[in-house]
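Here are a few exercises to work through with the model open beside you. Have a go at each one before reading its solution.

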Amino acid sequence: MTTQLTPAPRPRPHAPAALALKTPDFGGSSFVAQVRVLTGRSLRAMATDPGIVLFGLIQPVVILFVLTQVFSRMGMPPHFPDGVSYLDFVLPAVLVDNAAQSAMQSGVGLVEDLRNGVVARLRSLPVHPGALLVARSLVGLVRSAVQILVIMVLAMTVLGYSPNGGVAELALSAGLTLFISFALGWAFIAAGAWLRRAEPLQNLALIVIFPLMFASSAYVPVADLPGWLAAVAHVNPLTYAIDATRALALDVPGLDHAIPALLIGAVISAAGAFAALAGFRRPL
């Protein structure tokens, strides 16, 4: 009589081990460490490139002197705030405009990484896909902070900028401008992740930023704009941002626009980050 041996059942993997097989392995470094390394890499590359440093500092200076010297020679509109010079009035708009331009450069930087092989090399390493995007956003924030400092120092020392708000209010105004730059940076990073070409991205920035700046309270009060343009300015997100930064710096009405500006910026940041990650994950 032959006895048939039944093979012992194979041990089933525990649930945690099975889940571990499906979890991407991004190496031993944390997400924060990866962001820190990638941010430092981009900042060093930017600081050691004379062209980037030179043009990055010239751009805000040109905007500052052109806008303030050209428009200050014009007559003041009827609803212009009393006791405020045109330089004081327009400088917050110059800062916001510079923040938007700096945000666009964040998208251009991502496009360059996509096209010069940096992203391809990083994808062969255990690096989280979002680490490079966050690093690009932080680099743009540093660039914008340096440009804001340059603009404000030049405005105070050369042009006589003397806002009515105190030092704390001026710092809050600069902080709000940086937040705007951060939010717009994510929008342009998302555009760069999907377009993957610098020229269409720059054209998109020109089409979006230029009309929005002039259809806002940047250069004249909204009440002095033509009717149809004033209607656009009332729903323009940049109007809320400019009014809030101006109210902080000059101690004039408009601080109630700070909360809408923060909320709109938070929505743009979240939507931009989601879209950027989706576009970045596409095959090269």
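**Exercise 1.** How many residues does the largest nonpolar core have, and which have the most contacts inside it?

Keep in mind that this is a predicted model. Start with the count: the core has 45 residues. Next, pick out the ones with the most contacts inside it: Leu91, Val94, Tyr161, Phe188, Met213, Tyr219 and Ile242. Now trace them back to helices: H3, H4, H6, H7 (167–195), H8 (198–214) and H10 (237–250) each supply at least two residues. H4 gives the most, with 14 residues. Finally, zoom in on Tyr161: leaving out residues up to four places away in sequence, Tyr161 touches Leu87, Asp88, Leu91, Ala155, Met156, Leu170 and Ala249. There's also a second, separate core of 17 residues, with Val35, Leu132, Ala135 and Ala276 among them.

**Exercise 2.** Which residues lie nearest the centre of the largest pocket?

First get the volume, about 620 Å³. Then check the lining: of its 25 residues, Met46, Ile52, Val53, Val139 and Arg143 lie nearest the centre. By class, the lining splits into 12 nonpolar, eight polar and five charged residues. As for helices, H3 has the largest share, seven residues.

**Exercise 3.** Is His79 buried, partly exposed or exposed?

Find His79 in the loop between H3 (50–71) and H4 (86–115). Its relative accessible area is 49%, and exposed means over 50%, so His79 counts as partly exposed. Now look for partners beyond four places in sequence: His79 is in contact with Pro221, Ala223 and Asp224. Between them in sequence sits Val222, whose C-alpha is 8.6 Å from that of His79 despite a 143-residue separation.

Notes: Residues are numbered from 1 along each chain as its sequence is written. This is a predicted model: local features need pLDDT of at least 70, side-chain atom pairs count only at pLDDT 80 or more; totals for chains, interfaces and linings use all residues. Side-chain values use heavy atoms; hydrogens and water are left out. Helices (H or I, at least four residues) and strands (E, at least two) are DSSP runs, numbered from the N terminus. Buried means under 20% relative accessible area, exposed over 50%, partly exposed in between (1.4 Å probe, protein chains only). Contact means heavy atoms within 4.5 Å. On a 1 Å grid over the protein atoms alone, a cavity is a set of points where a 1.4 Å probe fits but cannot get out, and a pocket is an open set with protein on both sides within 12 Å along at least five of seven lines; lining residues have an atom within 4 Å of a point. Grid points are joined across faces, edges and corners, and a volume is the space filled by probe spheres set on the points. Ala, Val, Leu, Ile, Met, Phe, Trp, Tyr, Cys and Pro count as nonpolar, Asp, Glu, Lys and Arg as charged, and the others, Gly among them, as polar. A nonpolar core is a set of buried Ala, Val, Leu, Ile, Met, Phe, Trp, Tyr and Cys residues joined through side-chain atoms within 4.5 Å.
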